[in-house]
Amino acid sequence: MDSIIETQRQTHEEIERYETALYSLLSRNQATHEIRIQTEHKAAQVLDRISSRVTALHNSYLDEDARKAEIGTLSAPAAAQNDLSEFYARLVKVQDHYNKYPDAVAGGFDMELAAILEEGNQDGLDDDYEEEDPISLLFSGEEAYGKYLDLYANHTAYNNLKNISKRLPYLQYLDILLAAQNGLLHSELSKEARATKDYEVYIQHLHDYLLSFVKRTQPLVDIQTKHQEAEVEFYQKWDDGEFVDWDETKTAKRSANADGAGEGMWCSACQKSYSKKTVYDAHLTSKKHMKAIAKQAISETPPQNPNGTQNITIQPASNGQLLKSRLRSSALLTYLSTSLLVVLVPTIGETKSNVERRFSLTAREREQELLEQSKPPPAPTNTSGDAAAEEEEEERIYNPLKLPLGWDGKPIPYWLYKLHGLGVEYRCEICSDHVYMGRKNFDRHFQESRHAFGMRALGLPNTKHFHEITRIEDALSLAEKLKQEGRHEIFEQETMEELEDDEGNVYNRKTYEDLKKQGLI
């Protein structure tokens with residue numbers, strides 16, 4: 001057994017080394033969501049170990065008698081300074097321990113610390129290496145390593161509640177949960193629905209799942225303390241009467257039917273239940289009821305109600321107390337679930353977006369996505385700082401003249417830039433004053449959609465006549481000029497074309513057509 005002083009010294013050392021390891025964990029580059037979750041879980045484990053050792057260290061400091069006895073043993077009087085009996089006695093104990101346990105490995109704390117800081121396949125020697133990830137076992141396939149919520153079971157339970165207005169699809173159910181940030185959860189439900197036993201079971205399962213999900217995705221958050229504070233706050237509001245919608249005196253009569261303690265009347269003679277008093281009174285004068293009463297009078301033991309006690313008002317106090325306790329429990333779970341949903345609002349929004357995206361995929365695309373998710377992520381490669389710096393320098397492109405990039409992603413030579421005239425600007429007013437760099441791009445743009453759209457907006461055809469025309473005024477004047485030339489060509493065609501009649505006389509087209517119309521030819 002080690003001395004208490006040595007134990008305290010070792011505990012102090014372990015706490016300091018755990019704090020250093022915690023800093024190393026949290027300062028790592030968390031590139032993906034999975035790495036962040038793994039790092040936070042490891043950090044939570046380190047914090048738990050630090051907390052347990054701090055508690056043990058505090059208790060050892062409170063044991064003053066053991067410290068005084070240890071100090072008294074170490075500090076021998078002056079007459080016995082050369083007495084090493086205590087030293088050799090402890091040496092014998094150490095030797096006996098290792099003789100008894102020869103396979104004991106020294107430095108167990110170092111191995112534990114190395115296991116926490118281990119990243120897995122750092123050398124990258126084994127390409128088929130697949131590390132076992134215990135954190136992934138905490139999440140279902142639908143949760144995708146804590147990115148989304150898996151609320152399908154709770155959605156089904158919600159739709160199966162009694163006294164709800166309508167069944168909602170999954171996306172609308174997520175909208176209801178998102179609305180919890182603006183008020184109490186499920187305020188859209190009626191009082192009768194919230195007072196049933198089914199609602200209590202549903203809200204209990206929803207609360208347990210949300211609490212579990214927050215603990216798994218946010219291990220560094222002290223959610224238990226926040227939970228207890230929310231519970232204390234609920235009891236204060238409940239005692240102050242702020243939960244008017246959960247008043248048991250107003251809800252008792254409405255919820256009695258839903259839980260089996262209803263307003264129905266039981267006839268022990270006919271062994272039948274009647275939901276209305278008028279129907280019950282009408283059947284009392286029937287022949288069937290009379291015969292049942294006579295048969296019951298002959299029998300020694302009257303028949304019992306198979307659905308419960310014969311009189312539902314035997315224990316009104318206990319039923320009322322049970323309903324009050326149920327309402328309070330349901331209200332508490334609803335309040336706590338609301339506080340958890342406020343924390344998970346971003347995650348619920350991501351879940352809704354993911355569901356909408358999956359609805360738009362085909363069956364083949366969903367199968368392909370599942371196959372890609374089932375593949376293990378690539379193992380991290382261990383690159384030195386110098387290699388990373390060289391890669392960054394290669395990726396950084398030096399382009400002070402802002403030259404256009406070539407096919408290899410690098411700037412083209414300056415002489416090629418000057419050869420093609422890429423520094424000359426060509427502005428086209430028809431293309432909404434768009435600027436084209438270089439003669440080649442300018443010539444090519446006359447056949448592109450932008451210029452064709454501008455010509456159609458002006459009501460002009462995009463023909464070769466308008467090539468090199470960039471101003472709107474020039475294009476309109478050219479179009480008018482082409483129209484006039486077209487009319488002149490038609491006039492010249494009528495006057496210059498010659499036709500011959502049957503007698504061999506030659507006329508131009510206009511004269512020939514006029515004489516033919518008059519019947520002279």
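Let's start at the hairpin of β3 and β4, where five residues sit between the strands and Ser432 takes a positive phi near 65°. This is a predicted model, so local features need pLDDT of at least 70 and side-chain atom pairs count only at pLDDT 80 or more, while totals for chains, interfaces and linings use all residues. Residues are numbered from 1 along each chain as its sequence is written, and side-chain values use heavy atoms, with hydrogens and water left out.

Strand β3 covers residues 425-428, strand β4 covers 434-437, and the two run antiparallel, joined by four bridges. For the labels, helices (H or I, at least four residues) and strands (E, at least two) are DSSP runs, numbered from the N terminus; two strands pair if DSSP finds at least two bridges between them. Which residue of β4 is the bridge partner of Glu425? That is Met437. Tyr426, in turn, stands opposite Tyr436 in β4.

Now, the cysteines. Buried here means under 20% relative accessible area, exposed means over 50%, and partly exposed is in between, with a 1.4 Å probe and protein chains only.

Next stop, the loop between α20 (449-458) and α21 (472-496), which is the place of Thr470. At 17% relative accessibility, Thr470 counts as buried. What does Thr470 touch, leaving aside its neighbours within four places in sequence? Its contacts (heavy atoms within 4.5 Å) are Arg427, Cys428, Glu429, Ile430, Phe442 and Phe446. Glu468 lies in that loop between α20 and α21 too. Its phi is near 75°, a positive value in a residue other than glycine, and Glu468 is partly exposed, with a relative accessible area of 37%.

Moving into helix α21, we find Leu478. Not counting residues up to four places away in sequence, Leu478 touches His465, Phe466 and Ile469. Leu478 and His465 are 13 residues apart in sequence, and their C-alpha atoms are 8.4 Å apart in space.

One more non-glycine with a positive phi, about 60°, is His186. You'll find His186 in the loop between α7 and α8 (191-194), and at 2% relative accessibility it counts as buried.

Let me finish with a helix pair. Two packed helices are described by the angle between their axes and the distance between the axes. Helix α6 (residues 152-159) and helix α7 (residues 170-178) pack at an angle of about 90°, with their axes 10 Å apart. That makes α6 roughly perpendicular to α7; the cut-offs are under 35 degrees for roughly parallel, over 145 for roughly antiparallel, 65 to 115 for roughly perpendicular, and oblique for the rest. Axes are lines fitted to C-alpha atoms, for helices over the stretch in contact, and angles run from 0 to 180 degrees between N-to-C directions. Who makes the contact? Tyr152, Asn154, His155 and Tyr158 on α6, with Tyr170, Tyr173 and Ile176 on α7.
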